[in-house]
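Here is a friendly tour of one model, starting with a sheet and ending with an interface. Have the structure open as you read.

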Amino acid sequence: MSDLSHLFRFWLVKSALILLLSSCSGSLWAESLDQEIDTLKADVAALNQTLFELEEEVLHPTDTQVAVYLSMADPEALVLESVELAINGLPAIFYLYTDPERQALEQGGVQRLYVGNLPFGEHQLNATLNGQAANDHYVRREAEFTIRKSQGKKQVQLVLTAPAPEFQPELSLKEWQ
Amino acid sequence: MVCCNVSASKILVCLWAMLATAPAALGAAQPGDENRVGLAQFSLAAGAPARALFWLGDSTSDRANLLRARAEWQVGLRENAYKSLDAVATEGSHYRAEAYLELAKISIWNGEKRATTDEAVSKAVNVSNGMLRQQALFSLAELRRTAEQFEAAGRILAKMDPGYWAALGYLNLASEYSRIDRDPARALVALRVAEAMIGADDDHARASDLTALIRLKAGVLSYQRSEYDKAIGFLKTINLDSYQAPQALYFHGLALAGQQNYRAAMQSWHRAKKYPLAYPGVVDAWLGMGRGYDESGYLGQAGEAYQAANSAFESERVSLRLLIRKVEASGAYDALVRAARHEDVEWFLADSRTLTQPRVAYLLHYMEGADAQVAVNRVAELVSLDSALAHKEQDLAVYIAMLRQRQAKMTAGVGTSGRASVEAGIAPLAQRLKVLKASAAANSGQTEQLTRIYQSLLDTKRRVGVFDRLAAKAPKQFAQLLRRAVAAQSAVKDQRQVLSELQGRAETILTEEVIAFLKQQHERITFALDRTEQQIAHLYEHLALTGLKRGEQK
C-alpha cells in the first residue's frame, strides 16, 4: 500500500511538472510569435509608407491632383454622421463616420475626403453633411462651391462651423497655399 | 494624339491628356505641419497607423509625438513608441497627462515592476484633469486593488467624479469583496455605489452593458444572502437582449424558488432555456425545470422535464463533438470566427440572432477570457494584414503595367505632334478673345466670362512652354518610378510569405486552445447529463416505491 501511495505521489509530481513545463513552453511560444508579429507589422508599416508615397506619385500626378479635406472648426457644430461629395455633378465619395473618427475630427483631426485628378478650369463641388445638431435635431446641410484648377496641386478644405447667434452648422471652403 | 479642329476647350482637353502621361513634378506644396498632424490624427482613428506615420513625417510637436507613439505602438514599434512618449512626458508639455497614461499602459503591458508602473500612473493623476484624470485615478485604484490594498483602492475611488470609470472601479472592488468576504454586505454596498455612478455616463450603450453586469452581480449576491426580494429587484431589470440575460433569468428563478414560488421560477427557467446551452445558467435552468415540478409535487412532469433536459444535453454533446471535428479539420478561425460572420449576413432580418446561434454562443463564451481574445485577435490581425497586402500586390501589378505602357509612349515621342497643334491654336484664339473683349459691354457677365477664358489660355500657354522640358524628363522619371514599384512588389511578396508562416503558427495556437475549451464544455454537458440520469433514476425509484406501498395498502 505504501509503495502504491509512493508511486501515486511520484506520478502526481511528474504530471504537475509536465503540465507546468508544457504551459510555460506554450506561453513562451506565443510570446516569441507575438514578437515576430510585431516585427512583421513594423516592416509592413514601413512598406505601406513607401507604397503610399509611390501611389501619390503614380496615381495623382501633382499637376492634375485635386484633394478635398474636411475639418471641424467648432466641435459643437454637429454630431457628424456622414458626408457626401459630388464633383461636377458626379458622386465622388460617401463617407459614414465611426465614433473614433468623429471624435478625432472634433479634437482637431483633418480628413482627406477625396483625392483625384481633374483637368484645368472650373469645377463644382457639392458637399452634403448629415448629422445631429446641438438641439438634437437631425440636419442635412448642402453647400456648393466653385474651385479653379490651374497648374500645381489643388488642395481645398471644407470647414464645418456653427457661427453665432444661431449656431447652425455651416460649411465654408478654405484653400491651402 | 492629334488635335485637328482646334477650339479652346479641345486645346485644354488635349493638353491635359498629354501632360497626364508625364510623371508628377516632385516637391510640390504639401499640407502644413498642423494639417499633417490633423491628418495623422484622423488616420489613426480610422485604423490606419502606417498612414498616420506617413502624415506625421518629421513633425516634432508634442501632439505629433503623442500621435506618433500611438501609431508606432499599433504597428509593433514598441521601443520607438516608448521614446516618443518620453519626449512628450516633459515639463510644460500640453499632452503630458496623456503621455504618462500611455506610459503606464505600456508599463502594465510589459509587466514591469510595480514601482515603475505606480510612478507613471501617479504622475498621470497629478498632471491631468477632466476625463483623463478619471481614467488615471481608475488605473491607480486598479493597481491598489490588484495589490490587495482594498482600503486604499476604495479611498481613491471615493475621490472620483461619478461616471463610467468610477462605476467600473467600484464593480471590480465589489468582485474582490465578494471573493474574500463571507458576508456579501460590503460587496453589495460597492455595487450600489457603482450603479449610482454609472447613471452619470453619457455613453448610453456602454452604461447599459455595465448596468446589466452590476445588477447581475448584485442579484447573485443578494440571492446568496437569502434576500430574495432584493435579488428579484436587481435581476428583473436586466435587458433580455444582453449577454447576461440567461444567467440573470436562472438566478431570478432561483430567487423565486427561494420564496417557494416554483410556478414563477419555472417561467423564468423556461425563458432561460430558449438560449443556447453554451451560456452560463442555461444548463442549470434545464435542470431547474425538473426540480421545480418535483418540488411542486408533479413527479410525472418532473420526470418528463428531466428527460427533455437529458435529450437536449445529449444532442448538445453531439453538436460539440461535430464542432470539435470541424475545428480539428479546418482550424478554429475558419470554423468559429469566419463561419460566425457568414451566418450573420442577414442580421437585419432577425433580432438577437447573435445570441441564439449555438456556434456563435460558444465563440462568445470562449471569447470571455482575456487569453482567448489575444489568440483570436492575433489571427484576425494577420488575416487582415494579408488581405491588405494582397490588395497592394494587385495594385502594384496594375501600376507596373501602366507605367511600362506610359514609358513606351513617351519614349516613342507620342504627344509632340499634339503639342505643336495646341501651340498653333493659341494665337488665333487669343486674337478672337481680344476682339470679343473690345466689343463686350463693361460691367456685364460677358466681361467676367472673357476674363476666365483669358486665364485658361494663359495657363495653356504656360504649360505648352514647359511641355518639352517635362517630356524630356519623363522617361527617366518613369524608369525611376518603375524601379520603385518593382522593388515594392517584391517586398510585398516576401512579406506575404513571412506572414503566411506566422499566420499558420498563430492559427495552431488558437485551434489548440479552442479544442481544449470545447472539450471542457463537452465535459460540463456530460456532467449535467449524469445529473439528469441520476434524477430520473431517483424519480423512478421513488415512483416504484410509492406504487409498492399503495399495493401493500390495498
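## Sheet and interface

In this predicted model, chain A has an open sheet of four strands, ordered β4-β1-β7-β8, with mixed pairing. The edge positions belong to β4 and β8 (170–175) of chain A; each has a single partner strand, so one side of each is left without a neighbour in the sheet. From one strand to the next, the twist averages 20°.

Let's look at one pairing more closely. Strand β1 (residues 65–72) of chain A runs antiparallel to β4(A), and six bridges join the pair. Within chain A, A:Gln65 stands opposite A:Asn117 in β4(A).

Now to the place where the two chains meet. The contact draws 54 residues from chain A and 61 residues from chain B. How much area is buried between chain A and chain B? It comes to about 5,400 Å², with carbon and sulfur atoms giving 64% of it.

Polar links across this interface can be counted too. There are zero salt bridges between chain A and chain B, while three residue pairs are in polar contact, both residues being at pLDDT 80 or more.

On the side of chain A that touches chain B, at least two residues come from each of α1 (2–59), α2 (99–106), β4 (111–117) and β7 (154–161) of chain A. The largest share is that of α1(A), with 25 residues. By residue class, that side of chain A divides as follows:

| Class, side of chain A that touches chain B | Count |
|---|---|
| Nonpolar | 26 residues |
| Polar | 14 residues |

Technical notes:
Residues are numbered from 1 along each chain as its sequence is written. Chains are lettered from A and ligands numbered from 1 in the order in which they are written. This is a predicted model: local features need pLDDT of at least 70, side-chain atom pairs count only at pLDDT 80 or more; totals for chains, interfaces and linings use all residues. Side-chain values use heavy atoms; hydrogens and water are left out. Contact means heavy atoms within 4.5 Å. Buried area is the accessible area (1.4 Å probe) that two parts lose on being put together, summed over both. A salt bridge is a side-chain nitrogen of Lys or Arg within 4 Å of a carboxyl oxygen of Asp or Glu. A polar contact is a pair of N or O atoms within 3.5 Å; within protein, one must be able to donate a hydrogen and the other to accept it, and residues adjacent in sequence count only if both atoms are side-chain atoms. Ala, Val, Leu, Ile, Met, Phe, Trp, Tyr, Cys and Pro count as nonpolar, Asp, Glu, Lys and Arg as charged, and the others, Gly among them, as polar. Two strands pair if DSSP finds at least two bridges between them. Axes are lines fitted to C-alpha atoms, for helices over the stretch in contact, and angles run from 0 to 180 degrees between N-to-C directions.
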